[in-house]
Structure formats: structure tokens, C-alpha cells
Amino acid sequence: MLNTKELITRVRANLEYKYKPAELEQVLKIVVDTILDATSNGEDVSLHGLGKFHARFIKGKRISNTGIAWLKDKEFIIKDRYHLGFKPSDAANRAVGKLIDKIDVKKPE
């Protein structure tokens, strides 16, 4: 899994080491904070080549029959809520789709 530290290391290498890791970490943190701030205010954030971040509505529900004996006759209410949604761009889907060519092992004939 690519974590923040490794992401910064790869970005720094792609930028030919022009920036210090602390500078790139600060930029990354500000970008993430800005995306979260915008989506929490109902705005969509579109990044060309990656996709769109948006607030995704999830309708609440009432659960009364859980099928678990010790929870019998208890009712749970889950409220309406929003989660962070992401819709990848076609370009991003195509780029990730090429992974199948790297891991697809051909069957012996």
C-alpha cells in the first residue's frame, strides 16, 4: 500500500528533488484539507485525469429484526448521513485497467 511518506518520496523523485519532503507534505495536507472542506460544504471537486470527489447521501434506515437472539425485540435507527464519494474519470479507469495485462498469467497450452 502506498502511504503518505512513500507518495511524497515518489512525487519528489518525479519532480527531480526540487522540493524538500516537508514542503511536499505541507502541500499534500493543504490539498486534502481543501478537498474535504469543499465537499463538506456540498461542492464537488473534480481533478482532471483522476476523478470527482463529492458528498454522497446515504438514506437512513430502521432495523428491528437483526436475526441475532440477544438483540431480539430491540430496534436500531440509523440516521440519514453523508459520506465522501469518489467517481473515477474514464482516463483513471483505463490506467488502472491496464493492471490486468501485468498480472494476467497466460494459461499453458
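Predicted model: local features only at pLDDT ≥ 70, side-chain atom pairs only at ≥ 80, totals over all residues.
If we leave out residues up to four places away in sequence, Ala38 touches Glu43 and Val45. Its relative accessibility comes out at 11%, and because buried means under 20% relative accessible area, Ala38 counts as buried. For a sense of the spacing, the C-alpha atoms of Ala38 and Phe53 are separated by 9.3 Å, although these two residues stand 15 places apart along the chain.

Let me move on to Thr39, which is also found in helix H2. Which residues does Thr39 touch, again not counting those up to four places away in sequence? The list is Val45, Phe53, His54, Ala55 and Leu84, and Val45 is a residue that Ala38 touches as well. Thr39 has a relative accessible area of 7%, so it too is buried. As for its side chain, a polar atom there lies 3.2 Å from the backbone oxygen of Leu36.

Finally, a few words on helix H1, which takes in residues 4-14. At its N-terminal end the cap is provided by Asn3, where a side-chain oxygen lies 3.3 Å from the backbone nitrogen of Lys5. Following H1 we come to Glu16, whose phi is positive, near 55°.

Key:
Residues numbered from 1 in each chain as written. Heavy atoms only, no water. Buried < 20%, exposed > 50% of the residue type's maximum accessible area, 1.4 Å probe, protein only. Contact = heavy atoms within 4.5 Å. Helix = DSSP H or I, 4+ residues; strand = E, 2+ residues; numbered from the N terminus. Polar contact = N/O pair within 3.5 Å; in protein donor to acceptor, adjacent residues only side chain to side chain.
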